[in-house]
Amino acid sequence: MDPRPTFLDRRPLGIPNYLAIALVAVLVVASIPRGARRALDTNTNKVEDWLPDSYSESADLAWFRSQFGNEAFVVISWDGCTLGDTERLGLLAQKLAAERLTPEIAKIAKVTPHSDRRVFERVISGPSMIDRLTGQPARLERDEAIERLTGALVGPPAVEGDDATRATCLMAYLGPHAMVNNRSMRLAIERIVEIAAIDCGIDADTLHLCGPPVDNVAIDIEGEKTLRTLAALSGLVGLVLAYACFRSVRLTGIVLVVAGLSAGASLAMVFYFGAFEVLVMGAPAPRLGKLDAILMSMPAVVYVLSLSGAIHLVNYYRDAVQVGGRRGAVERAVRMALVPCALASLTTAIGLASLATSDILPIEKFGVFSAIGVIAALALLFSIVPVALHRFAPSTATSDSAQSSGNLPGWARRISEGICIHYRWVLVGGGTLMVLFALGLPRIVSSVDLIKLLHPEADLVQDYKWLEAHLGNLVPMEVVVAVPAELRRGVDDHPEASGQRYAMTTYERLTLARRVSQQLEALEPVSRALNAGTFAPADIETRSPSNRRTHDYIVSEAIDENRPDFREFLRFEQTSDAGQPRELWRASARVAALDDIDYGQFVTELKDAVEPVLAAYRARNQLVVMLSTQGRQLAGARIAFVVLRDFTSQDALFAELLREAGVATVVNQRRGKLWTVPADLLKEPTDQVLARIRDQDLVVTLSPGVASQLAEQQIECVALQGESTGDADLSATFTGVVPLVYKTQRQLLVSLQHSLVVAAGLITIVLVVLLRSLGAGLATMIPNLFPIVVVFGALGWLGISVDIGIMMTASVALGVAVDDTVHFVSWFRRGLSVGLSRYEAAIESYERCATAMVQTTVIAGLGLAVFAFSTFTPTQQFGYLMVTILAAALVGDLILLPALLVSPLGRLFPASQKLSQEVAVAIGNPEVELAPAAEPAADTRVAATSPPTPVEPAPASNAHSVDPTQSAAESTSMPPVQSRTDNPVHSVDPEHGQLTPANAALRDRLRALRRSAD
């Protein structure tokens, strides 16, 4: 026995190496609890933060909020909250409006509580808004006021004609101090429930709350449930399964401790990275370094991946103990496991890091921190586990009695032999499956819906159902029409003074906002579109120019004098540019939160509805310029407006705008006229028609095709395009959560494709470098892509939408699949290194690592399957899809990969350039110094120059079948390798080092190679 101390027992620093490693590990581990706890406090979920600021949708939303403020409102109602019972509603509104900043919220906001600092900036209710509309300046009748608010703050009557049965609500807008983060918003929402229940006598179980802050807090809560409840359950499942595999309390404890520490370290790194962003990078707030509901799943992923590596390392250790005894077993196991485990972690980290290329922030963060977590787990694995095995090694009886990873049951051995013998059928079947499922990949569609991230039975979803059924749609879609100073005028100013455009009074601009809202309300998904016109005096129906001018004057003066009352929908743009700011008119359309709306189609329909309105106004400005060149104005002008047979709403609006501008009035004893003429009338015009056309100041149309047809008939007609001419023209901005969700939905598929391409490319490069063969690297990727093609192809065929949870599984699964592939191929190349045929090397790989591969898949799969019970939909889908993909990956690694290695493609996989020392150690002869192995092609020369070393024959029932794919020369190049038996194959007396027949045969084979090399 070698008297020299093993590496872990050496004392270069005066203390044993294992103790030095343990001390360093303790210092690192000590920082985990605080970092993990602080990371949980950063949990924040805002869909508006998901896309980068460089995207136009994000920039538009940021601009909108800079002008109108962050619409952090909470809608509050309850069973029985109607216009007929407003006492409790009024009391709740009064209490919330007076609620001062609580000490808890003030601490989060880092301000001192003060009487002027309140939790809620503004509180409105259905009854208060009705009172506002019936007073100045609108002065509406109560019925009309209720009608304007129906679908927003007031619902339809439960009893026809009885307004007292209409449901109503209260909207509380959070102040800036309550919006610091999700924790402060949660405290504000909890305060609403507390005041309603205690001060107003409202049963908390009957309350219904929704709104952006409620959405974010609900997702926070579900994410925390995932981490605290399901992660604990996942750990328990891992504990049970690990013990079932090892039948050793110590081994199970070692594996689970390192996996738990790895998960905690990955969580702590989120907080420390956020601190680095702020303290070192100078960021005002962390961008990546804060948790969200998607990132809550990351510690569990790192946990199961770390568990997988620990199981492989422990199995290497158990093999080393069985073959060479306990002395130095840890060092031998580490030498054998280091390269495959490190490569497996590297490829897994690459697969995860590919998600960091996504533009969707939660996916980017998941990729970054899970990749870092996997690498950190590798460091913990090779520091904590070896020390623990060295210092707290399991008893010899336990390790001997437990089934080794190198022993396959008889039925499993027969299956593995059948796969290798019938490799052609296996490859044909696997290739056919991949092709069939690959045809479903182009059919994949994506979906992102903030509310549907929660389980259908979640409280928030049920509240949305109630509120939308009793009040109306609740998700705002914002349209902001910007009116530059050049298009605005006072009531006493001339509209065409500049000769370049038609300037509008405040009333005319209000009419523009109303027309935009009418177009929005015509869309099916919209129940109500609120705008400044909702709170303004009613319009009048008159064609009398004088009556219209009088009404224009009255309404314009009323709005200008009461602008603060309209600030929610009418503001001047806040900008640093010199000059007069643009005037912003907001229309807020309410869309259903739970309907299956195609957001892409809806956004298109929205623009198609609004743009024709603006185009009609721009066309009128173009007409002003044309008339100005003739010394005329719209008032008193004679215009022939050529329209198609199908008179569109844009045609009707343009005609109405010309009448409002005074085209049909008398100016300087000349009567103006608007002649709306069908295009068909001008196809074969009569002399009378031609004479009337010549009497017009201009012939115009909104259709370029009509203008071209009339030009062929020598009739000059101007096509008014209504296109924007720049900043001095009308423009509309479409923003809100809906366009952001649509953009995220589109980016989801882009991110999926991009991350997979990046991951596959980088992993292929790693495999090519590892195997030193381009062909081998490419061939190895086939079984790794198998689970992704099959599972995602199935999603395409089944029509299941890819959401943010499903999207993450592809790159995660790719990295995990490569983990087992690396171990299998490493053992295969070891077999080739000692002269085994491809068939024998594949069987040897089965014997060595198939059990560990199944163990890691079962433990990781069932551990992640727990997340399928989450009420947070992305986590739920991530859980059950990961189980499916891991199962498919196991099929690829244990069926498709061995068949590929045995096939002619297996020639692409080179043997190791030298026989590794750990192989010699593993067969029980550590003192032998091995020469470099000959290439497989030289095996026949070995047989010719050196007779086969006799080996103890094995029982016929345990012998491997001869590989029918090998040539006679290959099959006789080395002595046949004896198959392992169920228990005695690896059994060895640790005290005497007596080898089993199979290991003795392998030792003799190595010695024969040494003699041939000499």
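Two strands are taken to pair if DSSP finds at least two bridges between them, and strands (E, at least two residues) and helices (H or I, at least four) are DSSP runs numbered from the N terminus. The structure is a predicted model, in which local features need pLDDT of at least 70 and side-chain atom pairs count only at pLDDT 80 or more, whereas totals for chains, interfaces and linings use all residues. Residues are numbered from 1 along each chain as its sequence is written, and side-chain values use heavy atoms, with hydrogens and water left out.

By these criteria, strand β9 (residues 638-643) pairs with strand β13 (residues 698-701) in the parallel sense, over four bridges, and Ile 639 stands opposite Leu 698 of β13. Both strands belong to an open sheet of four strands, which has the order β12-β9-β13-β14 and parallel pairing. The edges of this sheet are formed by β12 (673-678) and β14 (718-719), each of which pairs on one side only.

The protein chain contains 32 helices and 15 strands. Of its 1014 residues, 57% count as buried, that is, under 20% relative accessible area with a 1.4 Å probe, protein chains only. The accessible surface of the chain, from the Shrake-Rupley method with a 1.4 Å probe, comes to about 42000 Å², and 56% of it belongs to carbon and sulfur atoms. Among contacts (heavy atoms within 4.5 Å) with a separation of 6 or more, 78% are accounted for by residues 24 or more positions apart.

Helix packing was examined for α11 (residues 298-324), whose axis comes within 9 Å of that of α27 (residues 838-865) and crosses it at roughly 155 degrees; axes are lines fitted to C-alpha atoms, for helices over the stretch in contact, and angles run from 0 to 180 degrees between N-to-C directions. Helix α11 is therefore roughly antiparallel to α27, a description applied to angles over 145 degrees. The crossing is right-handed, meaning that the near helix is turned clockwise from the far one by less than a right angle.

The contact involves, among others, Leu 305, Gly 309 and Tyr 316 of α11 and Ala 329, Val 330 and Pro 340 of α12.

How values were computed: Buried means under 20% relative accessible area, exposed over 50%, partly exposed in between (1.4 Å probe, protein chains only). Angles under 35 degrees count as roughly parallel, over 145 as roughly antiparallel, 65 to 115 as roughly perpendicular and the rest as oblique.
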